[in-house]
Amino acid sequence: MGAALALGERGRGRTAPNPNVGCIIVKQGRVIGRGWTQPGGRPHAEAMALAEAGPESRGATLYVTLEPCAHRSERGPACADLIAEAELARVVAAVEDPDPRTAGRGFERLRSAGIAVANGVRSDDALRSFAGFAARQRDGRPHVTLKLATSLDGRIALADGTGRWITGEPARAHAHLERSRHEAILVGRGTWEVDAPRLDVRLEGLEKRSPVRVLLSSTLVSSEVEGHGSEPVKAPLDYARDERGIVRLSSLDQIVTLHADHLLVEGGAETAAAFLRADLVDRLLLYRAPILIGAGKAAIGDIGLTDLGKAHGRWRLLDARQLGSDRLEVYERRR
């Protein structure tokens, strides 16, 4: 299942509205097929793995991070049917599909074909792997990651606004890798005007995985977007998605309209505070440089906290690592 999870991560940020699933097929201790959901959502991981394994699939065990789909689609066959037709002996899954079109029907189809089914293997890891799909099914919105790059004393810039660069190259490279794992990236108007951020992926080989750029502003007009080398969006701005331009949202409620399952929020302090006040942040990336700034600009504005006791127990540390001289900590919201 660990191998299947790793394969599923290859598709993160590229498969919406489908989940980024991973799959391997094992027979007599040997991996005979590997698959992961391809860009745009097809082929599915199971179909890819079965195609690689071919006739050897008969009698094998398939490990997959999400229940094989049972609903038919114009884009391809149901994976549960493909597995049944291949006459595998056993399927081991991590999570039952929350999509009501499948939701247990895939397992029923397999069992009716005489295939043994096990479910619940590393389910927490799987839900984190395709967190965007799970959030969309559960909450009707993208999974939101807030990225902060700060000094040790929580500052993102000097008092005059100078903020390049807080962190070093390894941390910035990691942040670009994170961008490649999200379909959309959002900043507020203040960050847009002061920093003129490109919001793209500048890692060799991953440039084409730059996310759609989203601007949160209730007052910006489309002509103001042109100064950043982007064409204004030619469609209703609350849901338009144009790889050449900017998507504008005038309120946080409109993030549900984004054609994205993973949204990365990069700035600024008031935008970060707005997402936190609305309890819309699911994951926090905190990059901290070993510097002290003092009287600079704070990373986060007022989040409406009036009781310190309510601040505790809300965040769980998932990962911590050193990136050059900087420290990265990854937290997830306890829900």
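**Entry 1: D139 and R138.** I began with D139, which counts as partly exposed at 37% relative accessibility. I am working from a predicted model here. I looked for a charged partner and found that D139 forms a salt bridge with R138, with the closest N and O atoms 3.1 Å apart. R138 is exposed, its relative accessible area being 53%.

**Entry 2: the wider search.** How many salt bridges does a search of the whole structure find? My search returned 25. I noted one network of salt bridges, which links R141, D279, D282, R314, R333 and R335.

**Entry 3: R321 and D319.** Next I picked the salt bridge between R321 and D319, where the closest N and O atoms are 2.6 Å apart. R321 is partly exposed, with a relative accessible area of 38%. D319 also counts as partly exposed, at 25% relative accessibility.

**Entry 4: a pair within α5.** I then turned to helix α5, residues 123-129, which holds both R128 and D125. They sit three residues apart, about one turn of the helix. An α-helix has 3.6 residues a turn, so residues three or four places apart point the same way. R128 does form a salt bridge with D125, and the closest N and O atoms are 3.6 Å apart. I checked accessibility too: R128 is partly exposed at 31%, and D125 is partly exposed at 31%.

**Entry 5: R209, a charge without a bridge.** Where is R209 found? I located R209 in the loop between α8 (189-195) and β9 (212-216). R209 is buried yet has no salt bridge. The nearest side chain of opposite charge is E9, 8.3 Å away, while a salt bridge needs the nitrogen and oxygen within 4 Å. What I did find is the backbone oxygen of R12, 3.0 Å from a polar atom of the R209 side chain. Leaving out residues up to four places away in sequence, I listed what R209 touches: R10, R12, R14, R179, S180 and V201.

**Entry 6: helix α3.** Last, I opened up α3, residues 79-86. Which residues of α3 are buried? I found C79, A80, D81, I83 and A84 among the buried ones. I also asked what covers them, and the cover includes α2 (45-53), β3 (61-64), β4 (90-93) and α4 (105-112). Just after α3 comes E87, and I noted that E87 takes a positive phi of about 60°.

How values were computed:
Residues numbered from 1 in each chain as written. Predicted model: local features only at pLDDT ≥ 70, side-chain atom pairs only at ≥ 80, totals over all residues. Heavy atoms only, no water. Buried < 20%, exposed > 50% of the residue type's maximum accessible area, 1.4 Å probe, protein only. Helix = DSSP H or I, 4+ residues; strand = E, 2+ residues; numbered from the N terminus. Contact = heavy atoms within 4.5 Å. Lys, Arg positive; Asp, Glu negative; His and termini not counted. Polar contact = N/O pair within 3.5 Å; in protein donor to acceptor, adjacent residues only side chain to side chain.
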